[in-house]
Amino acid sequence: MQYFDKVEFADRSEIEQIQSIRLKNTVYQATASQFYRNKLAMAGIKVGDIKTHNDASKLPYTVKEDLRSSYPYGLLTQPVDKMVRLHASSGTTGAATVIFHTENDLNSWADLVARCMHMSGVRSRDVFQNMSGYGLFTGGLGIHYGAERLGCLTIPAGAGNSKRQIKMLSDFKVSVAHIIPSYALHLSSVFTKLDIDPKSLHLKIMLIGAEPHSEEVRQRIEDIYGVKAYNSYGLSEMNGPGVAFECSEQSGMHIWEDAYLAEIVDPETLEPVPEGELGELVLTTLCREGMPIIRYRTRDLTRFIPGECSCGRQHKRIDRISARSDDMIVLKGVNIFPMQVEKILMSIPEVGENYVIELERQGYLDQMRVKVEIRDEFFVEDMRSLQALQKKITGQLREEILITAKVDLVERDSLPKNDGKAVRVIDNR
Ligand code: AMP
Ligand code: ZN
């Protein structure tokens, strides 16, 4: 088995040994920051109380609000002049949360991303195009340095400018691309307009992530581009990409447990959920020196996949993120996750690449309107078949979410596009 570094194939006892050493070290380092000195003192925890990885449960949680309230430098463990870069979260609500890195931090981050890419089959001979936005968003530089660490010829294409993206993919015979899934779907309609078959390029692997997407979307991307698409999970608070990634088995994402201590807890009680059950992912950085974060509540809902992966790696796997504990829609008293709507839409062949969910209030009644782009070949059909399609979508949605949504069929390219993470829900209530 080819590996990027040895730790990738460490067994459970080795992984746990590393975790114990690094957790102790992390807690020790964290106390150099004003924020954690106070937080640990308030929780009555001393560095000496942390002896093994199991002691993580004694530590207090960190939430996004903590990062905001100690903005900008309150979590640093070293003077600002030791920091060499900062990134920020792409959140649309509230102030951005900012993360700082030392040179060592950037180095270990690049190693982790390189390990992820290597695991999915990327090699130094590959030509790699990064179609993620650069700048504060971690999917740009984070993935970029990982690809260079692996030795790939790396094209920092950035987001948007679809025609130029396609030209570069073709001119440089790009074999691997990193792309946000909603943009991959949008880009396919530009291929259609240009009358180029995406399969005629040299692409063989696409790394997709940064936003929630369903298995149905992955399959569409694989079919359209003729590639294997691997799910990539990360968040800026934990560096960004490189936290968890799919191996060639595509059955869950391995969390690199030498670098992150992962727990899954009930978001209400904050108690650990039984193995295999859905809960909120909580992560602790184990090799970040400039700004370690302890027991960060990600708000991302997932589960540990029980059992061992057939690839032989023993780092635990998480399931694709099914929702965030804060993006649930409550409509007429029913709890709905946007991902449920996507799963249904993307399994219907007539449905095109883009959709949006709008919530509106009519009088005292809340209503969900789902605007769905329809593929060209179906849009030209007669009124009756369009009505039948509308009925089919409404019916399948009702079965899944128990709500009768108003379904608008719209033409390709009529819904707003976004180069970054897709905005799927607009709440006008
Ligand atoms: P940011 O740090 O602003 O880039 O956003 C991180 C958030 O993006 C995570 O907490 C997740 O909610 C979401 N995210 C990142 N990667 C994935 C993925 N592969 N699947 C689902 N959601 C993701
Ligand atoms: Zn595996």
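# Briefing: helices, strands and single residues in a predicted model

The axes of helix H8 (residues 215–225) and helix H9 (residues 338–346) cross at roughly 40 degrees and come within 8 Å. That angle makes H8 oblique to H9. The structure is a predicted model. Its protein chain has 11 helices and 21 strands. The radius of gyration is 22 Å, close to the 22 Å that the globule rule gives for 429 residues, so the chain is as compact as a globular protein of that length.

**The chain as a whole**

- Taken along the principal axes, the box filled by the C-alpha atoms of the protein chain is roughly 75 × 55 × 40 Å.
- Of the 429 residues of the protein chain, 55% count as buried.
- Among the contacts in the protein chain with a separation of 6 or more, 66% come from residues 24 or more positions apart.

**Helices against helices**

- Two packed helices are described by the angle between their axes and the distance between the axes.
- In the pair H8 and H9, the residues Glu216, Val217 and Arg220 of H8 meet Glu342, Lys343, Leu345 and Met346 of H9.
- Sorted by class, this contact of H8 with H9 has 3 nonpolar, no polar and 4 charged residues.
- Helix H6 (residues 162–171) packs against helix H7 (residues 181–193) at an angle of about 85 degrees, and their axes are 10 Å apart.
- This angle makes H6 roughly perpendicular to H7.
- From H6, the residues Ser162, Lys163, Gln165, Ile166 and Leu169 take part, and they meet Tyr183, His186, Leu187, Val190 and Phe191 in H7.
- The contact of H6 with H7 has, by class, 6 nonpolar, 3 polar and 1 charged residues.

**The nine-stranded sheet**

- An open sheet of 9 strands, with mixed pairing, has the order E4-E3-E5-E6-E7-E8-E9-E14-E13.
- Strand E4 (153–155) and strand E13 (304–305) stand at the edges with a single partner strand each, so one side of each has no neighbour in the sheet.
- Strands E3 and E4 run parallel and are joined by 3 bridges.
- Within this pair, Gln129 has Ile155 in E4 as its bridge partner.
- Strand E9 (residues 253–255) pairs with strand E14 (residues 317–318) in the antiparallel sense, over 2 bridges.
- Here Met253 has Ile318 in E14 as its bridge partner.

**What covers the strands**

- In a regular strand the side chains alternate between the two faces of the sheet.
- Which residues of E3 are buried on each side? Val127 and Gln129 are buried on one side, and Phe128 and Asn130 are buried on the other, leaving both faces of E3 covered.
- Helix H4 (residues 103–119) lies across strand E3 (127–130), strand E6 (205–209), strand E8 (240–246) and E9.
- H4 runs at about 25 degrees to E8.

- His118 lies in helix H4.
- Is His118 buried or exposed? Its relative accessibility is 9%, and the cut-off for buried is under 20%, so His118 counts as buried.
- Apart from its neighbours within four places in sequence, His118 is in contact with Gln2, Tyr3, Phe4, Arg123 and Leu150.

**Backbone details**

- The peptide bond that joins Tyr71 and Pro72 is cis, with omega about -5 degrees.
- Pro72 is in the loop between helix H3 (64–69) and strand E1 (83–88).
- Gln250 is a residue other than glycine with a positive phi, near 50 degrees.
- The loop between E8 and E9 holds Gln250, and at 18% relative accessibility Gln250 counts as buried.
- Arg299 is not a glycine, yet its phi is positive, about 75 degrees.
- Arg299 lies in strand E12 (residues 296–302), and at 30% relative accessibility Arg299 counts as partly exposed.

Methods. Residues numbered from 1 in each chain as written. Chains lettered and ligands numbered in written order. Predicted model: local features only at pLDDT ≥ 70, side-chain atom pairs only at ≥ 80, totals over all residues. Heavy atoms only, no water. Pairing = 2+ DSSP bridges. Helix = DSSP H or I, 4+ residues; strand = E, 2+ residues; numbered from the N terminus. Contact = heavy atoms within 4.5 Å. Axes fitted to C-alpha atoms, helices over the stretch in contact; angles between N-to-C directions. Parallel < 35°, antiparallel > 145°, perpendicular 65-115°, else oblique. Nonpolar A, V, L, I, M, F, W, Y, C, P; charged D, E, K, R; others polar. Rg over C-alpha atoms; globule rule 2.2 N^0.38 Å. Buried < 20%, exposed > 50% of the residue type's maximum accessible area, 1.4 Å probe, protein only.
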